[in-house]
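Welcome! Please take a moment to look over the sequence and the model, and then read on for a short tour.

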Amino acid sequence: MELLNVYQNNYLIVFVFLCLGVLLPVVALYLGKLLRPYKPSDAKYTTYESGIEPFHDSRVQFNVRYYIFALMFVIFDVETVFLYPWAVAYDKLGIFALVEMLIFVAMLLIGLVYAWKKKVLRWI
Amino acid sequence: MDLETLKSFEWSVMTPEFIILGVAALLTLLDLFLPKKMDRRILGWIGIVGILAAILSVASLLNVESTSILDDSFTFDAFGKSFKLILLVGSALVMFLAISYDAKEGMEDYRGEFYYLFLSALLGAMIMTSSGDLITLFIGLELLTVSSYILAGIRKHNLQSNESAMKYVINGGISTAITLFGMSYVYGLTGTTNLFEIANKLAAVTNGQQAYLLGLAFLMIFVGLSFKLAAAPFHMWAPDVYQGAPTPVTAFLSVISKSAGFVIVIRILISVFYNAAPTDNGEGILFKMHDYLAVIAAVTMIIGNVVALKQTNIKRLFAYSSIAHAGYILVALTTMSSNLLYSIWFYLLAYMLMNLGAFAVIQVVTEQAGSSKISDFAGLARRSPILAVLMGILLVSLAGFPGTAGFIGKLNIFVGAFYGTPHYVLAAIMIATTVISYFYYFGIMTQMFFRPASDERKLNIPFGIVVVLLVAVVGSILFGIMPNIALDFLNNLH
């Protein structure tokens with residue numbers, strides 16, 4: 001509680017970082033504009049597409065299924081993130097953490113069953 | 001934590017939560033594995049049985065002394081018991097509405113989910129009622145709101161339902177973020193998430209700068225939670241969401257979600273801010289912030305009641321009416337009288353009964369008419385006299401006439417406004433806006449009793465609706481004539 005100054009100084013650091021974050025692109029782009037030569041030609045104004053001639057609309061639709069797969073992946077990714085530290089510190093955490101982990105895994109299992117029955121795992 | 005401490009906890013006080021969690025998980029699995037053609041209403045009935053079992057287990061635990069387990073993150077006290085009963089009974093009635101709900105479109109494949117999402121939302125609300133820790137409070141709040149977002153949009157192929165869910169997600173997300181930011185300040189100042197420890201630490205704060213930060217935290221938490229209560233000026237989402245959501249979900253949002261909102265407001269405001277950063281004469285920060293509460297209460301009552309006058313859609317009208325009722329309860333919160341808990345608890349009980357009853361009638365009428373205009377109520381007295389009379393009783397209770405639970409609820413709050421420092425202005429606004437509310441409640445009455453029906457078909461009333469109406473009307477009259485039952489019940493809790 002006495003360390004209120006320290007507490008507020010932390011926000012000062014956040015503020016400095018915010019200012020840096022805003023200033024950096026502004027300064028960098030402005031410096032670039034000052035230094036680079038300006039010689040436009042038609043070829044320079046075409047869209048860059050890895051060296052080939054651009055032939056497509058720039059707006060491409062992805063299948064929405066990628067999104068659901070990504071979501072599924074994230075769920076199990078998070079599960080691993082939780083399981084690793086638990087496994088490492090298993091001896092210290094004891095039976096309570098084991099029970100909690102079992103509940104957690106069981107809940108995720110219901111989620112997986114849900115995804116399976118709702119045909120998320122099938123690619124049409 | 002080893003096995004011995006784990007065994008020493010009294011897990012039995014969590015039985016109601018375990019029952020709801022188990023039934024919700026069971027319904028999820030059943031919904032996935034039952035044959036596709038089977039009627040999913042059976043899941044709704046299992047849900048009701050589960051809720052009734054949870055009510056019974058709360059009732060059997062009523063005499064248990066206040067206990068807290070898991071480092072106070074679950075506290076089973078009189079506050080939790082009393083509010084848990086309101087939430088459980090309300091949810092049971094909402095489930096009856098949901099079973100009788102027959103949407104024209106967009107519900108075909110999701111009827112099962114409809115039932116267990118109510119249960120998971122209820123579980124979130126129940127965790128909030130008996131939580132002594134900021135983290136579990138927040139988890140409960142999120143469980144409730146995330147389930148409600150899905151419920152609002154469960155009619156997947158209905159445009160209004162989609163709009164409603166979208167608006168709810170965006171507004172709810174922003175308000176949650178604001179609340180959480182406020183909570184982070186409280187944590188930053190105290191270094192703990194335990195509400196009791198926070199209260200102790202904050203009572204020792206004397207530094208003006210810290211009190212200033214605390215004031216900011218208070219405002220942010222309160223503004224964020226005002227969204228959940230649909231208190232003006234943070235109410236704009238409510239009419240659109242209420243209108244688009246399926247009727248049982250609207251009933252759920254306006255009763256259970258709102259009660260849960262008040263639960264978390266009371267928990268945080270009273271336990272964290274009541275004695276925080278006291279001035280020389282011992283008044284906590286809540287007294288300094290008292291004017292903000294008063295303004296929000298007054299604006300909520302005025303906007304809710306006045307804008308309701310212009311509504312032509314019955315669900316929007318009830319959205320504004322529910323905003324107005326939140327305003328009345330905020331008056332009780334502002335005055336901080338000694339009967340604060342009783343008056344808020346009783347008002348929420350009365351409001352749960354009368355509002356759910358009214359929504360039962362709304363559901364029958366709007367489903368038959370295929371729209372939700374107030375003019376669909378025209379000639380209800382001729383089409384179904386009993387339904388019209390029951391709706392009449394509920395409307396009278398909502399308006400707050402003597403002899404009904406709504407009247408006693410308002411009376412408690414009104415009298416409470418004169419305890420300690422009297423709040424004449426708030427009390428006057430409360431009376432004036434109550435008079436304004438007569439216009440729109442009796443507008444529905446005139447439609448029902450004095451307008452010719454455009455549609456002469458008889459209404460068929462499903463069983464679930466009958467149950468809800470019976471409980472609602474009997475409860476409204478019983479607590480209106482003998483409010484001492486509720487008072488004795490609350491006084492005998494410990």
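## Chain B at a glance

Chain B holds 21 helices and 2 strands, where helices (H or I, at least four residues) and strands (E, at least two) are DSSP runs numbered from the N terminus. The radius of gyration of chain B is 22 Å, close to the 23 Å that the globule rule gives for 494 residues, so chain B is as compact as a globular protein of that length. That radius is taken over C-alpha atoms, and the globule rule is 2.2 Å times the number of residues to the power 0.38. Along the principal axes, the C-alpha atoms of chain B fill a box of roughly 70 × 55 × 40 Å.

Before going further, please keep in mind that this is a predicted model: local features need a pLDDT of at least 70, side-chain atom pairs count only at pLDDT 80 or more, and totals for chains, interfaces and linings use all residues. Residues are numbered from 1 along each chain as its sequence is written, while chains are lettered from A and ligands numbered from 1 in the order in which they are written.

## Inside chain B

Of the 494 residues of chain B, 54% count as buried. A residue is buried if 20 or more other C-beta atoms lie within 10 Å of its own, exposed if 12 or fewer, and partly exposed in between, with C-beta atoms placed from the backbone. Contacts in chain B also reach across the sequence: among those between residues at least 6 apart, 80% join residues at least 24 apart. Here, two residues are in contact if their C-beta atoms, placed from the backbone, lie within 7 Å.

H14(B) reaches 32 Å from its first C-alpha to its last, close to the 32 Å expected at 1.5 Å a residue (1.5 Å times one less than its number of residues). Just after H14(B) comes Met336(B), with a positive phi of about 50°.

## A closer look at Gln160(B)

Gln160(B) sits in helix H7 (residues 159-190) of chain B. This residue has 15 C-beta neighbours inside 10 Å, so Gln160(B) counts as partly exposed. Leaving out residues up to four places away in sequence, Gln160(B) touches Gln243(B) and Gly244(B).

## Chain A

Chain A has 4 helices and 0 strands, running α-α-α-α from the N terminus on. The radius of gyration of chain A is 26 Å, well over the 14 Å that the globule rule gives for 124 residues, so chain A is more spread out than a compact globule. Of the 124 residues of chain A, 0% count as buried.

An automatic or database domain assignment gives chain A domain 1 (4-45) and domain 2 (64-117). The centres of these domains, taken over C-alpha atoms, are separated by 40 Å.

## Where the chains meet

In the model, 12 residues of chain B are in contact with 9 residues of chain A. On the side of chain B that touches chain A, helix H1 (3-8), helix H2 (15-33) and helix H9 (208-229) each supply at least two residues. The largest share, 4 residues, comes from H2(B).

## Confidence

Chain B averages a pLDDT of 88, and 98% of the residues score at least 70; pLDDT is the predictor's confidence in each residue, from 0 to 100. For the complex, the predictor gives an ipTM of 0.75 and a pTM of 0.88.
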